[in-house]
Structure formats: C-alpha cells, structure tokens
Amino acid sequence: MEAQMYRLISYSEEIIDGQPIYIASNCLPIKTSRFEPAGHAFHSTALKLLGYKEEVVAVGDGDEKSVSSDQNSHSCNPSYSSKGKKKSDSGSKQQDHYALLGLSHLRYLASEDQIKKAYRDTALKYHPDKQAALILAEETEAAKQEKKDAIESHFKAIQEAYETLIDPVKRRIYDSTDEFDDEIPMDCAPQDFFKVFGPAFMRNGRWSVTQPVPSLGGDHTPLKEVDSFYDFWYTFKSWREFPHADEYDIEQAESRDHKRWMERQNAKLSEKARKEEYARIRNLVENAYKKDPRILRRKEVEKAEKLRKKEAKFLARKQQEEEATRKAEEEKQQKEKEEKQAAEAALQQKKAREKEKKLLRKERARLRGLSASLVSQGLLEISEDEVEGICTSLNTEQLRNICNKMEMEEGTDRAAVLRDAQVLSHKSENEKQGQIQSQQQNGALRVNESSPFVSTEKKEKPWGKEEIEMLRKGMQKYPKGTSRRWEVISEYMGTGRTVEEILKATKTVLLQKPDSAKAFDSFLEKRKPTQTIVSPLTTREEVEARLAAVSVPETAAAKVVGSLESSGSESSFSGSDQDTWSTVQERALIQALKTFPKETNQRWERVAAAVPGKTVNQCRKKFVLLKENFRNKKTSV
C-alpha cells in the first residue's frame with residue numbers, strides 16, 4: 001500500500017525555519033492547536049479539512065471564509081457538560097402556533113374543542129393537495145419547486161402547532177414561553193390604585209392553578225372579600241413552566257448516568273426560575289397591600305380604636321385610683337368620726353361614773369353621819385364595821401332610800417332601819433356570791449365539755465439538737481428521688497418520729513436560724529479541753545491547787561461548783577489562794593472582756609469560762625480591782 005504524504009499536524013510552520021514538514025501516517029491529518037481534538041471531534045475536524053463535510057459560514061470573500069474555517073477547526077472542543085444541550089436559534093423567532101391555527105384572539109384561553117376545529121379548518125385550507133393551483137401558476141420549474149417547498153413547510157408548521165397545543169404538557173410549556181409582561185407596578189397615586197394594580201393581578205392570574213381567580217374589586221368592596229383576595233394571592237400556586245436556554249435534551253443522553261445528570265441539572269434550573277417567579281408574585285402582592293386604600297383606611301381605624309382603648313383604659317385606671325382615694329378618704333373620715341364619737345362616749349361614761357362615784361361617796365358619808373350617833377349610843381348593838389359593810393354592799397339608790405328613812409325616824413326606829421339595811425346588804429352579798437359560783441360552775445362545765453377534744457390532740461414532742469442533726473444527715477444520705485424517702489429517713493433516725501412530724505420539721509425546725517445568743521454556749525460545749533501548759537511563772541500554790549482539782553472526781557467538782565454558784569461565796573476555796581491571779585489569767589480576763597462587751601447575754605459566765613480556774617465572782621472582783629487601780633494611776637498622774 002502506497003504511503004501518502006500529509007502535512008505534519010503536531011507543529012506549526014513557524015517552528016522549523018518556516019519550512020513545512022511532511023510525514024507518512026495512517027491517520028487523517030488535523031492542524032495542531034493548543035488542545036488537540038480527540039474522538040468524535042478529531043473525526044469531525046478531519047472531515048472538514050478534507051472537504052467531505054460542508055460548513056455554513058457568513059457571506060464574504062474567500063480569505064474570510066478560509067479563516068472562519070480554520071477558526072472552526074481550532075475551536076471544536078466539545079466537553080461532557082455541553083454535550084446534549086438544546087440548540088437555541090437566536091436568529092430565528094419562535095413559531096406562533098395560535099396564529100397558524102387562527103386562534104390569536106384566544107391564545108391560552110382556547111379550549112381543546114376550539115383547537116381541534118381550528119386545525120381541521122386550517123389543514124383543509126392549506127393542504128398541499130388544495131394548493132396545487134398555486135404551484136401550477138408558477139412559470140419556471142425552480143419557482144414551482146420553491147412554491148411547493150413553502151406550501152409543504154407551512155403545512156408541517158400547522159401540524160406541529162396542532163401536536164403542541166393538543167398535548168397538555170407541551171402546551172403548558174409553550175404557554176409558559178409565550179409573550180408575557182412580567183413588569184410589577186411599584187408605586188402609584190391613591191386614586192389610581194385600582195387602574196394600575198387591577199390589570200397586573202388579572203394578567204398574572206392566568207398562571208394560577210386555582211380558577212377562577214378573585215378580583216381586586218373596587219373602593220367599596222367589603223373588607224372580608226379584600227382579606228380573602230390577599231389570602232389567595234399570599235398562597236398563590238402557579239402552573240407556569242420555566243424552560244431554560246441552557247437546558248439539556250434528555251433524548252440526546254449517551255447513557256443512563258448521563259440522563260440522570262441532565263435531569264438533575266434541569267431540575268436545578270427549573271427550581272431557581274420557580275423561586276424567582278414566586279418572589280415576583282410576592283413582591284406584587286406586598287406592593288399592592290401597602291398601597292391599597294382600603295387596607296390603609298382599616299389600619300387607621302384600628303390605630304384610632306387602639307388609641308381610644310388606651311385612653312379609655314388610662315381614664316378607667318385614673319378613675320379607679322380617684323375612687324380608691326375617695327374611699328380611703330371617706331374611710332379615714334368615718335374612722336376619725338367613730339373614734340371621736342367613741343372618745344366622747346368614753347368621756348361621757350367617765351363623767352357618769354365619776355358623778356356616780358361622787359353621789360355614792362356622798363350617800364355613804366350621809367349614812368355614816370346618820371349612824372354615828374347610833375354607834376356611839378350602842379343602839380341595837382350596831383358597830384362601825386357593820387355600817388361600813390352596808391356602805392360597801394349597797395348601791396347609791398339603796399343608800400339614798402335608807403338615809404331618807406333614817407332622817408324621818410329617831411332613836412330606836414332609826415337603828416331598826418339601819419338593821420333592816422344590814423339584812424338587805426347581807427342578802428345582796430349572798431346573791432352576788434351565788435352568781436359568782438354559778439359562773440364558775442358554768443366555766444368548769446365548759447372546760448369539762450371541751451376537755452375530751454383537747455385530750456385527743458397529741459402534743460408534739462420538741463425536737464432536740466441530736467434529732468435535727470440526724471434529720472439533716474438523713475436528708476443528705478437519701479436525696480430527692482429515693483423511693484419512700486421519708487419512711488426511709490424515719491427508719492434511719494430511729495427516734496419514733498412519724499412521716500408527718502418529719503415533713504413538718506423540714507418546713508419549720510430546719511428553716512430556723514440558730515440563736516446568736518446561744519452560739520457561744522454551743523461552742524463551749526463542742527470545744528475540746530485544751531492542754532494545760534505549766535508556765536515557769538506558775539506559783540507553788542497554783543500547782544498544788546491543780547493537782548487537788550485533778551484528784552477530785554468530776555461529780556464532786558460539779559457539786560462544789562454548783563454550791564459556789566448558789567451560795568455566791570467562795571468558802572470552800574477561801575484565802576489568798578483563789579485571789580491570786582497569774583499573768584496568763586489576767587491576759588485571758590482582759591481578752592475575754594474585749595471579746596464579750598456589755599451588751600452580750602450572760603457576759604460574766606462567758607468571761608469566766610474563758611479564764612481558766614476562775615469563777616464568775618472572782619472575775620468580777622478582779623475587774624473591779626483593775627478598774628480601781630487604773631483610776632488611782634490616772635489621778636496620781
């Protein structure tokens with residue numbers, strides 16, 4: 001097989017001294033570029049260079065045509081992402097299907113029956129067999145062929161228009177790409193609102209899934225219909241499709257994976273366009289809602305109503321405060337009036353009692369004066385004590401009557417009147433005592449009647465310190481969430497406390513603050529005994545006294561201390577041994593006096609407890625002695 005010489009495609013002519021290089025190859029030649037074509041691109045470019053594949057180029061001179069051919073050969077570099085894209089002819093205009101069928105006046109409003117009827121009429125009119133006369137009317141064969149091609153292409157366009165419009169999916173896509181005004185009115189005068197926004201809503205209502213679309217209405221439309229209109233548009237659902245120029249034709253997919261990838265890319269583009277469409281509709285609705293005079297009037301009415309309610313509420317509050325102030329003032333005045341009346345009544349009662357007492361004293365003095373002669377004469381053995389008993393037992397009216405009777409009588413008859421008065425006084429005293437006894441008996445009966453109920457009430461046992469500490473420990477050991485917590489705590493304490501008593505103690509005893517007055521006493525009880533350090537300054541008497549104190553049993557020492565505190569003397573430890581104070585004891589006394597000031601409860605008991613080996617009386621005596629020494633030093637200076 002004879003080898004043919006072809007121009008080298010791997011290097012340009014400028015590389016090797018401007019001389020072309022030829023090689024023998026069994027492949028088709030392609031001029032080199034920055035990226036060499038391969039596969040289908042290699043084969044296509046090779047066919048173009050050999051002239052086996054025609055190319056459509058712009059009309060021009062030969063040089064321009066060759067350059068364009070070279071440029072096409074260089075730019076042929078298809079990729080996976082661009083493979084299968086729909087070809088959009090930017091120069092050709094989209095075919096008007098409705099115009100071909102004579103439905104331009106209806107367009108998307110045309111029904112299926114109207115489309116079928118229009119197609120039958122149009123196909124019958126423009127069928128190539130019906131147009132044979134027009135072909136024969138042409139003179140030349142070329143003109144006849146051209147006319148025939150035009151008639152056939154027009155009839156094919158009619159068929160394509162019918163196939164597109166009769167299919168619901170294709171028609172929806174075509175209607176979505178039909179000419180439409182997407183402009184959104186932004187602003188308008190209040191009187192022009194319905195003229196501007198009414199057509200915009202009617203125009204966009206064609207895309208609604210729900211039909212019929214409510215109308216914008218007029219200035220006097222009820223607010224209920226206005227609210228339903230805006231509710232419809234705020235939940236607007238569109239059937240509009242969004243075919244994109246960069247969409248992929250799934251029928252051109254090379255494999256199943258390639259088809260799925262195309263579907264995903266198309267879905268992304270459609271979703272993006274759908275979001276933009278919904279944003280456009282929402283912008284239209286919001287602009288209309290802001291400019292709608294009916295909504296503005298309602299907002300003004302609501303604002304005025306809100307302001308009116310606020311003012312009414314403020315006035316009601318103010319009136320309520322004034323009413324409360326007036327009632328308080330009236331109650332205050334009424335209270336002052338009642339207090340004044342009560343004071344006046346008390347004053348009147350006081351004056352009446354004083355007047356009664358004065359009259360009683362007067363009648364008693366009168367009775368004493370009338371009975372003085374009888375007592376001195378000893379008539380009917382009447383004594384002064386009996387006269388005083390009559391004065392104390394009888395009231396003013398009775399004494400006045402007796403005095404009046406005694407003034408009317410003389411001698412023994414007057415004494416007899418006084419003796420009758422004595423009998424009357426004894427009788428009144430007996431009556432008083434009987435009333436007192438009956439009252440006491442009634443009181444005892446009430447107590448006896450109520451005693452069964454009182455006895456049934458169980459007196460709660462007071463809580464001691466040890467029980468409180470056990471309760472705290474039990475609550476810490478068995479926290480919240482423990483099964484049968486309070487029964488477990490009661491068993492843990494072991495003091496016989498019931499669950500009710502424990503619950504009551506948690507709300508009362510545990511919440512009580514410790515008494516600050518008894519804090520030092522509890523400190524002394526808990527304090528460990530300190531070790532006694534023998535000072536080199538300790539005297540022999542102190543050492544002997546300590547040894548003696550250690551040898552005495554604790555019970556005996558406690559009895560001695562109790563006897564000292566009760567008698568207030570120091571007879572058992574008499575002499576100069578107990579009056580001797582060491583330097584350590586004096587310092588402890590001074591420190592204790594500073595620690596416990598005058599206002600401290602049980603001051604001297606705490607001071608004595610802080611000074612080792614000294615009682616309360618000894619600390620007091622030492623304090624007085626120190627005070628006298630300080631004063632003597634001050635006066636001497």
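The following legends describe close-up views of a predicted model.

Local features are described where pLDDT is at least 70, side-chain atom pairs count only at pLDDT 80 or more, and totals for chains, interfaces and linings use all residues. Residues are numbered from 1 along each chain as its sequence is written, and side-chain values use heavy atoms, with hydrogens and water left out.

**Figure 1. Overview of the protein chain.** The protein chain holds 24 helices and 2 strands; helices (H or I, at least four residues) and strands (E, at least two) are DSSP runs, numbered from the N terminus. Of its 637 residues, 24% count as buried, where buried means under 20% relative accessible area, exposed over 50% and partly exposed in between (1.4 Å probe, protein chains only). Contact means heavy atoms within 4.5 Å. Among contacts between residues at least 6 apart in sequence, 60% join residues at least 24 apart.

**Figure 2. Packing of helix α8 against helix α10.** The axes of α8 (residues 193-204) and α10 come within 11 Å and cross at roughly 155°. That makes the two helices, α8 and α10, roughly antiparallel. Angles under 35 degrees count as roughly parallel, over 145 as roughly antiparallel, 65 to 115 as roughly perpendicular and the rest as oblique. Axes are lines fitted to C-alpha atoms, for helices over the stretch in contact, and angles run from 0 to 180 degrees between N-to-C directions. The crossing of α8 and α10 is left-handed; a crossing is so named if the near helix is turned anticlockwise from the far one by less than a right angle, and right-handed if clockwise. On the α8 side, Phe-193, Phe-197, Ala-200, Phe-201 and Asn-204 meet residues of α10 that include Ile-281, Leu-284 and Lys-291. By class, this contact of α8 with α10 comprises 8 nonpolar, 2 polar and 2 charged residues. Ala, Val, Leu, Ile, Met, Phe, Trp, Tyr, Cys and Pro count as nonpolar, Asp, Glu, Lys and Arg as charged, and the others, Gly among them, as polar.

**Figure 3. Asp-292 in the loop between α10 and α11.** Asp-292 is located in the loop between α10 (256-291) and α11. With a relative accessible area of 0%, Asp-292 is buried. Its side chain is joined to that of Tyr-230 by a polar contact of 2.7 Å. A polar contact is a pair of N or O atoms within 3.5 Å; within protein, one must be able to donate a hydrogen and the other to accept it, and residues adjacent in sequence count only if both atoms are side-chain atoms. Neighbours within four places in sequence aside, Asp-292 is in contact with Phe-193, Val-226 and Tyr-230.

**Figure 4. Helices α11 and α12.** Helix α11 (residues 293-377) packs with helix α12 (residues 384-393) at an angle of about 160°, their axes being 10 Å apart. The helices α11 and α12 are therefore roughly antiparallel to each other, and their crossing is right-handed. Arg-364, Leu-367, Arg-368, Ser-371 and Val-375 of α11 meet α12 residues including Glu-384, Val-387 and Ile-390. The contact of α11 with α12 has 5 nonpolar, 2 polar and 4 charged residues.

**Figure 5. Surroundings of Leu-370.** Leu-370 lies in helix α11 and counts as buried at 14% relative accessibility. Residues up to four places away in sequence not counted, Leu-370 touches Cys-403, Met-406, Glu-407 and Arg-414. Leu-370 and Arg-414 are 44 residues apart in sequence and 8.8 Å apart in space, C-alpha to C-alpha.
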